Amino acid sequence: MSKVIKYTVNFHITHDCNMRCSYCYAGDKVKASMSQSTIEASIDFVVGEVQRKKANKLIIAFLGGEPLMEKQQLFHIHDTFKKRLGDEVKIVGQLSTNGLLLTDSLMKELTERNIMVSLSLDGTPETMQKQRPTIGNSDYSKIMQRTIKSVLKYNLFTNAFCVVTPESSKKLYDNITWIYDQGLHFINCTLDYSAQWTYQDFEVLATEYEKLSKWYEERCNNVEHFYLSSFDERIQTHTKKPVACGNKCSIGNNQISIAPNGDIYPCMQFVKPAHQADKSVQLGTVKGGVVASKLLQLQSDIIKDKPECSGCKLKDRCSTWCSCINYSSTKSVSKASPVACHHEKMLIPIVDKMSAKLWKEKNQLFIQKHYNPLYSFVAQAMTTYKG
Amino acid sequence: MIKSVFGIFIDTKNKSIIMKNRLKVTPIRKYKTPRYPSYLDESPLLMSRKVTKTGYYATALLGAFGLFAFSTNSNATLELKENPIKFKELGFPHTYAMYGTGLPDRLDRETAVDIIDSIFLANKIELSKEVPISKNGLSFNATGYNEKHNIGYVWLDHQSTASDCFNSWRSSLNKSALLPQDLDAYNKLMKEVGDSYEGYQKEKDFFENLIKQRGYYKLLKIKRYLWRNDALEQKIETYLRENKNYLDVDYGKEILEQYDNEKVDLKEMEQIVDEKDTSIATFSKYDSRFAYNSFGGYEKDENGKLVLKETDTKKEAIKDLENLVQEYIDWAKSEGRF
């Protein structure tokens, strides 16, 4: 079996969006989408990079704004890559969407192309209405019911992406369990690292995590196959350390983000409309290519030791390796995020305590999930079969 | 509105301190190793250290399928390591034999402790000797204990166990030991019950009741069950000789407390084996796996003289003990106990 060489490109095909999320990192919602010539130049650039790096797997992640506002362009980009790269490069399409424009027929088209859909969904309709209003402030709950049903029909493993803000952290348990109860059992949860978190917020959040740890235990006892990143990622930093953490940030190198105007950035968090963009982190353009000196500077910043983390016992398990988290919190990729630091110090002990209990009880789901390399493969096969 | 007061940013509207502005990254200097296996430990899916790669993947595959094959609350398919030490194997409470030849030989304390220590050391666990352990109602001395790794063992024999760990054909007390006022009560009772099975039972209960009530009788019982513990025997004898206030409520309190704190009683033994409160192995002199019979008959030597035949039974008992200690350490490690 040949070694997998992966290249990831985040296509931000539009700045436009039909929602107005309070925490959105992507800047103002303007009607600026990728032009045809920028699309072609972007494809040329990526194909060149894939060939130069001899990559045999290309991950195309469609991000926004809301990518489905430009669905024709999305399909065009995906199909052109298929044609240009042929069978030698495995193409994995990923779409992160708020789901408002998803229809059953669209889901069918996406599935036929093997484009995996992830739903951004922060929790209960009440939470959504508060922090993710639609343009017209319409009733979101009915749309979501339809959308969730539709995505699960095509993929039982659909990921839900949930952003936790200081406000929504008070209801984290309700939000996560609501998402789970809708049938979305694979939940990626991340903090809004750019928010102004207070100590009080973290105290409340700790209580919610404690509740979720009991909930996680119950799911394990009932042998339910699920993923909750807040817990599973941190368990993996202990059980699969070399893979699950460490200096794995590959931004700018094997991962780039292309803005609607064709500017290249190291990661999705940096892409904003031109009038808000931070030019210091722009690596180049699809037409002019990557500026080598900028890339080298970025890479040396990323791998720099963080003196503020020196001697920390949780350093190897912490999320401050993530340049995007650091940037959104400190405006620097090499400075550890204080919010992430506090969050990890609060959450890791809760996760470890729960895991030690499950391990002591010899919980089979916990053991298989975290120690069996074949678990996800079998779980996927069997769930699909049962579904 | 956000105001800065002494460098701290305060949101006056929400009356909250803004963390982002004042929070600093602070390293955490101490963190206990999580008590579940890490990527550095042997995979819990490996049932045996000698498993082949193919065997490992077969196990992994079966294990994962097993989760789906069974409905909820499945007790699963995968055999994991379990504590190799079982209470019923320890041979306690031990019943003394009244008489007889042909009783099995047992490993003596010195031999057993040397063997157990060497296996722990081979696993890079250095042990301190006779360490007091006190936790969740447990109070005893561990024969060997490593504080850093929180693991150790207790060798269970006469020296480390309390008197309730032994059954004997001898009664714990006898008539001649009774104090005058208790002797009166005893005589009265015996007159009532006469020489009968019921009388025998009532006499036994009478003695046990006295032991519970008086420190004096407790000391006598302990002394009676001591075996090759000259120091404690001497200490009790001296105390009895020098203190004639036998009816005192606190009679022998200091000796009794020390005895309770150092020795493993039967209830504690079960609690230790349960391993909920400690990671201390119980290895027992009366475990039948370490019993051996050194008498292998006679044989003629080169001069035609009858000599005792040498046997390997002791070596086998030692090997069995070594294996059990290693199995325990492997299990404790697989549990993430150290």
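Visitor: What makes A:Phe11 a residue in contact with A:Ile60 and A:Ile258?

Guide: Two residues are in contact if their C-beta atoms, placed from the backbone, lie within 7 Å, and, leaving aside neighbours within four places in sequence, A:Phe11 is in contact with A:Ile60, A:Ala61, A:Phe62, A:Leu63, A:Ile77 and A:Ile258. This is a predicted model, in which local features need pLDDT of at least 70 and side-chain atom pairs count only at pLDDT 80 or more, while totals for chains, interfaces and linings use all residues. Residues are numbered from 1 along each chain as its sequence is written, and chains are lettered from A and ligands numbered from 1 in the order in which they are written.

Visitor: Why is the set of 96 residues called a nonpolar core?

Guide: The name applies because a nonpolar core is a set of buried Ala, Val, Leu, Ile, Met, Phe, Trp, Tyr and Cys residues joined through C-beta atoms within 7 Å, where buried means that 20 or more other C-beta atoms lie within 10 Å of a residue's own, also placed from the backbone. The largest such core has 96 residues, and A:Phe11, A:Ile60, A:Phe62, A:Cys162, A:Ile187 and A:Tyr265 are those with the most contacts inside it. A second, separate core has 34 residues, including B:Phe120 and B:Tyr153.

Visitor: How many residues are buried in each chain, as a percentage?

Guide: Buried residues make up 45% of the 387 residues in chain A, and 23% of the 338 residues in chain B.

Conventions. Buried ≥ 20, exposed ≤ 12 C-beta atoms within 10 Å, placed from the backbone.
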